Amino acid sequence: MRATYDSVKKVNVHQEIKRNIILEDLLTLGITESQQGISVYELDYDELKYELVMASFKKIDIQNDQNKWF
């Protein structure tokens, strides 16, 4: 039983570290709220990932020929 608890605890710590990295990236980009108006501090890992992807799409300069898809 102890090994299972330790494994779960390690997974939770790892997930929290990943969440904090994405949160830091969003804050660096100046994003403090989700597109729905929720504070980024209240979002879970998957929601933060989504917001980071959407923010990265907005940063792409589509006028630059290298960034055009077709």
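Predicted model: local features only at pLDDT ≥ 70, side-chain atom pairs only at ≥ 80, totals over all residues.
Modeller: Residues are numbered from 1 along each chain as its sequence is written, and side-chain values use heavy atoms, with hydrogens and water left out.

Biologist: Okay, why is S34 called buried?

Modeller: Buried means under 20% relative accessible area, exposed over 50%, and partly exposed in between (1.4 Å probe, protein chains only). S34 has 7%, so buried it is. S34 sits in the loop between α1 and α2.

Biologist: What does S34 touch?

Modeller: Leaving out residues up to four places away in sequence, S34 touches V40, L43 and E51. Contact means heavy atoms within 4.5 Å.

Biologist: And T32, why is that one partly exposed?

Modeller: T32 has a relative accessible area of 48%, so it gets the in-between label. T32 lies in the loop between α1 and α2 too.

Biologist: What makes I21 partly exposed?

Modeller: Its relative accessible area is 47%, hence the label. I21 belongs to helix α1, residues 2-28.

Biologist: How do you know that the buried residues of α2 are on the same side?

Modeller: Those residues are Y45, L48, E51 and A55. They cover an arc of only 125° around the axis, so they end up on the same side of α2. That arc is taken from the directions from the helix axis to the C-beta atoms.

Definitions and conventions
Helix = DSSP H or I, 4+ residues; strand = E, 2+ residues; numbered from the N terminus.
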